Amino acid sequence: AQAGARGVTVRVLVDSLHGLHGSLKASNPILERLGAAPGVELRVSDPITGLPTLKLLKQRDHRKMVVVDNQVALVGGRNVSHEYYTGFDEVALTAESSWREVPWLDAGARVEGPVVSQLEHAFNAAWQRAGGKAFHVIGQGPAGDVAARLVLHEGLRDAWTLEAYLALIETATSHVDVVNGFPLILEIQHALLRALRRGLRVRALFGHLTPTHDGTPFEGPWATARSAATELVHSRMDALVAAGAEGYQFLVAQQRAWQPGLGPIASHVHAKLMSVDGRACAVGSANMDITGGYWESELLLLVEDARVAEATEAHVGRLIAASRRVERDDPKWRQLARRREWLRHWPGVLSV
């Protein structure tokens, strides 16, 4: 709104269902105010006005991007609400806090160069589909020496982001690092199992859709349903752990701002990140589940640069070092794995 007020052309495109605005008679007051601000044009994509079908509910625009002056762009997994931008040390959490107050782990990238123009072309196309007026995009030359490409997935028309993940795994020769918080699509699970059989090291960092403190879930809306969804996420990790993968539950140590004695928090992992061999990595909006792989429109930034990949893996390593490893011989984990074994029969099309 401040940018629009100073004369900047501001275009905001929101998925109507995910943004709770214009679908199923929902109205989002924040978006209403933003759309009424001078200089801001707000549009929603694919509003559901009639009886919802499975296709209408699941074939959504899940991409997250910001492009500024055709010069710099932000991409990743973060939506625009507090849990994506608040630091764990910035929230005064107590045992009575709602799970919605607990920050999440996410990841993204800031990019310059030709990828910015590609992102803006993708936005321009989606903007026009939502009824917006086309605008001119200026092509950009290289801004550095890092090799990067944009992978775009358009709903049920293709599976390019899934194919990119699979290509990274299948061409890996040493190791694969995965950061993911949703039920692994079986294509990726099986590719990781093949990597383990080839002798590769596989590390996976995952979390809890309902965050917990010292094993106790935080309360709040849909907490029970989200805890059940967590079991589905963990069930897709069981086969990997059993096959020798290193599985880690994301933990954040006690912070000074928290209630004393609250203990470590197992939070939700919303990041979608993969890195292989210290040579290539990918980050974006594409979850590694069936919804991200096939249904929703997604984007993925694929970087083929050893400096970036090694730095990414070093950061993931620091997160892993502070987290809880799942030991395949741990009786408690084995008991949980047996209890949720039936979830392997859960219809993939219904994955969260």
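A nonpolar core is a set of buried Ala, Val, Leu, Ile, Met, Phe, Trp, Tyr and Cys residues joined through side-chain atoms within 4.5 Å. Keep that in mind as we look around this predicted model.

The largest nonpolar core here has 39 residues, and Val-111, Leu-119, Val-179, Leu-205 and Phe-250 have the most contacts inside it. Which elements give two or more residues to this core? They are strands E4 (72–76), E5 (108–112), E14 (280–284) and E15 (298–303), plus helices H4 (114–129) and H9 (306–321). Helix H9 gives the largest share, 4 residues.

Let's zoom in on Leu-205. Leaving out residues up to four places away in sequence, Leu-205 touches quite a list: Leu-105, Val-178, Val-179, Asn-180, Tyr-248, Gln-249, Phe-250, Val-269, Leu-319, Ile-320 and Ser-323. There's also a second, separate core of 38 residues, and Ala-159, Tyr-165, Val-178 and Leu-302 are among its members.

Now for a pair of residues, each sitting in a strand.

Apart from residues up to four places away in sequence, Thr-212 touches Pro-217, Phe-218, Pro-264, Ile-265 and Ala-266.

Leu-74 belongs to the surface story instead: together with Val-66 and Val-68, Leu-74 forms a nonpolar patch with about 230 Å² of accessible area in total.

Terms used: Residues are numbered from 1 along each chain as its sequence is written. This is a predicted model: local features need pLDDT of at least 70, side-chain atom pairs count only at pLDDT 80 or more; totals for chains, interfaces and linings use all residues. Side-chain values use heavy atoms; hydrogens and water are left out. Buried means under 20% relative accessible area, exposed over 50%, partly exposed in between (1.4 Å probe, protein chains only). Contact means heavy atoms within 4.5 Å. Patches are made of residues with over 30% relative accessible area and no salt bridge: like charges are joined within 9 Å, nonpolar side chains (Val, Leu, Ile, Met, Phe, Trp, Tyr) within 5 Å. Accessible areas come from the Shrake-Rupley method with a 1.4 Å probe; for residues, only the protein chains shown count as cover. A salt bridge is a side-chain nitrogen of Lys or Arg within 4 Å of a carboxyl oxygen of Asp or Glu.
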